[in-house]
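I opened a new entry to look up the fold and the ligand surroundings. My notes follow in the order I checked things.

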Amino acid sequence: MRAGIVGGGIIGLAIGAELLRRGADVTVYDPEPAGSGGAWHVAAGMLAPGGESVFEFPRLEQLLEAANALWPEFAAALGDVGYDDAGTLGVALTADDVAEMAREWKHQKLSPLTGSQLRDREPALSPRIRAGAYAATERQVDPRRVVARLREILSGRIRARLVSDLSGLDEDVVVVAAGCGTATLTGLPIRPVKGQVLRLRGEPGLLRHVIDGAADGRHVYLVPRADGEVVVGATQEERTDRQPTAGGVHDLLRAALDLVPGLSEHELAEVTVGHRPGTPDNAPIIGRLTDRVVVAAGHHRNGVLLTPITAQLVADLVLTGSADPIIDEFTPGRFGCA
Ligand SMILES: Cc1cc2nc3c(=O)[nH]c(=O)nc-3n(C[C@H](O)[C@H](O)[C@H](O)COP(=O)(O)OP(=O)(O)OC[C@H]3O[C@@H](n4cnc5c(N)ncnc54)[C@H](O)[C@@H]3O)c2cc1C
């Protein structure tokens, strides 16, 4: 079986690695095989199946949870990719913030924690924080390290090429995993959703958990890496440009410092902008487009989390012709294609 993968982002590479592991002859096409233009380079790497999207599409919750369950084994097989299972502390600063965050905590059946219980777990949190909750199964990974490792696994099989016409590829099967670039190749309704993210650097150990918080109506998450980097994200804007903005950076920094004042001494090391591949129902598109073409795109806010399950489902589909019925809710057909 010869498989061509269009797109060498986190999804395309993971599919390529899985197909290779199962014996296929794989080629991945990307205009920048060693570049950093994909959403994965900006993404924080939260593995958070309980986020807001599940209110909008309940069957997505099942897919996200199944993906989360695969992560420990997937990460272990890759080696050291910054997979960290300390869990996530949801935190809220004001009474209004508590009211907003409590909806998510209730949905996830998490027990509420007081401000002092939160600071026992995470002493750097502001004494102004009123309430929170601990989500043990919401973990994190470093997407840049995942992509670096997948590139190693596929080394020699990634070609520098911007694919503009799928009929120009001569493989038995073509998998389109081109993130936001999938729309022009397939006609599927995938739109870019801009997100700004900061990377702060300081002494390791200020934070142990992922912090998912609300501060005066501003939603922010803080993802601490073992080396002292803290990723602060993210804005969400229906825009296609790649400009960081003063307002975006201000909102993120203000919320981050309101929740963890000690971050003010960190270096502001990076401001990056990426585009989430969004779909009309905010759920991914995974399935057959034609006899020869399979799509795996539109992973929106959860593409890192969904990486291992997408790789497995697509490899099953490509190699056996069928996959777990969980995939049925996410086919291109729901948008009138295929
Ligand atoms: C600000 C932000 C924060 C995020 N945080 C998280 C998070 O915490 N957790 C989480 O799970 N997800 C998160 N995400 C979402 C996640 O990054 C994406 O869902 C995921 O990267 C999608 O993977 P992908 O491989 O489909 O697309 P990408 O990572 O964007 O990669 C697409 C690749 O396709 C290539 N390509 C495009 N067009 C063509 C073409 N015509 N021919 C060949 N190659 C092509 C591009 O060069 C690129 O390399 C975040 C995203 C953003 C923007």
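How many of the residues of the chain count as buried? I looked this up first, keeping in mind that the model is predicted. Of the 338 residues, 50% count as buried.

Next I checked the secondary structure. I found 9 helices and 16 strands in the chain. The radius of gyration is 20 Å, close to the 20 Å from the globule rule for 338 residues, so the chain is as compact as a globular protein of that length. I also noted the extent of the C-alpha trace, which spans about 60 × 35 × 35 Å along its principal axes.

Then I turned to contacts. I took those between residues at least 6 apart in sequence, and 76% of them join residues at least 24 apart.

I moved on to the ligand. I have 43 residues around the ligand, and the closest are Gly9, Gly179, Gly181, Gly195 and Gly303. By class, I noted 22 nonpolar, 17 polar and 4 charged residues in this shell.

Which elements each supply at least two residues of the shell around the ligand? I listed α1 (10-21), β2 (25-30), β10 (191-201) and β14 (267-278). The largest share, 4 residues, comes from β14.

Last, I looked at the shell by domain. Domain 1 (2-79 + 141-190 + 279-335) and domain 2 (88-135 + 192-277) each give at least three residues to the shell around the ligand. I closed the entry there.

Definitions and conventions. Residues are numbered from 1 along each chain as its sequence is written. This is a predicted model: local features need pLDDT of at least 70, side-chain atom pairs count only at pLDDT 80 or more; totals for chains, interfaces and linings use all residues. The radius of gyration is taken over C-alpha atoms; the globule rule is 2.2 Å times the number of residues to the power 0.38. A residue is buried if 20 or more other C-beta atoms lie within 10 Å of its own, exposed if 12 or fewer, and partly exposed in between; C-beta atoms are placed from the backbone. Two residues are in contact if their C-beta atoms, placed from the backbone, lie within 7 Å. A residue is near a molecule or strand if its C-beta atom, placed from the backbone, lies within 6 Å of it. Ala, Val, Leu, Ile, Met, Phe, Trp, Tyr, Cys and Pro count as nonpolar, Asp, Glu, Lys and Arg as charged, and the others, Gly among them, as polar. Domain bounds come from an automatic or database domain assignment.
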